Amino acid sequence: MKISDLIRELNTYLTESGDLEVILQKDAEGNDYSPLEGVFGPHKYRAESTWSGEIIDEEDEENEEEEFREDSSNDIDVVLLVPVN
């Protein structure tokens with residue numbers, strides 16, 4: 001989801017009574033929930049599968065072996081919605 005899509009989605013929930021709190025679901029099964037602590041970015045994200053990946057920082061890229069650095073062509077810029085817990 002792009003930032004513009006997220007804003008559009010969140011805007012549909014604005015009400016006359018004000019803003020609603022943002023709560024994050026831990027996983028697709030709905031096992032746990034957590035309030036949103038903040039939005040952080042931009043960061044580089046490298047997908048490891050269609051449902052999981054990792055955030056790559058500059059230090060990680062400098063320390064990676066050459067064979068792994070080639071994978072960086074698929075890295076994308078992202079912002080993170082970080083839960084309290």
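Tutor: A salt bridge is a side-chain nitrogen of Lys or Arg within 4 Å of a carboxyl oxygen of Asp or Glu. Side chains of opposite charge can pair when their charged atoms come close. Here, Asp-32 forms a salt bridge with Lys-26, their closest N and O atoms being 3.6 Å apart. This is a predicted model, where local features need pLDDT of at least 70, side-chain atom pairs count only at pLDDT 80 or more, and totals for chains, interfaces and linings use all residues. Residues are numbered from 1 along each chain as its sequence is written, and side-chain values use heavy atoms, leaving out hydrogens and water.

Student: How many salt bridges does a search of the whole structure find?

Tutor: The search finds 4. One of them joins Asp-77 to Lys-44, with the closest N and O atoms 3.0 Å apart. That pair links distant parts of the chain, 33 residues apart: Asp-77 is in strand β4 and Lys-44 in strand β2 (residues 33–47). Strands (E, at least two residues) and helices (H or I, at least four) are DSSP runs, numbered from the N terminus.

Student: Is Asp-77 buried or exposed?

Tutor: Buried means under 20% relative accessible area, exposed over 50%, and partly exposed in between (1.4 Å probe, protein chains only). Asp-77 counts as exposed because its relative accessibility is 54%, whereas Lys-44, at 34%, is partly exposed.

Student: What separates Asp-5 and Arg-8 in helix α1?

Tutor: They are 3 residues apart, so about one helical turn separates them. Asp-5 forms a salt bridge with Arg-8, at 2.5 Å between the closest N and O atoms.
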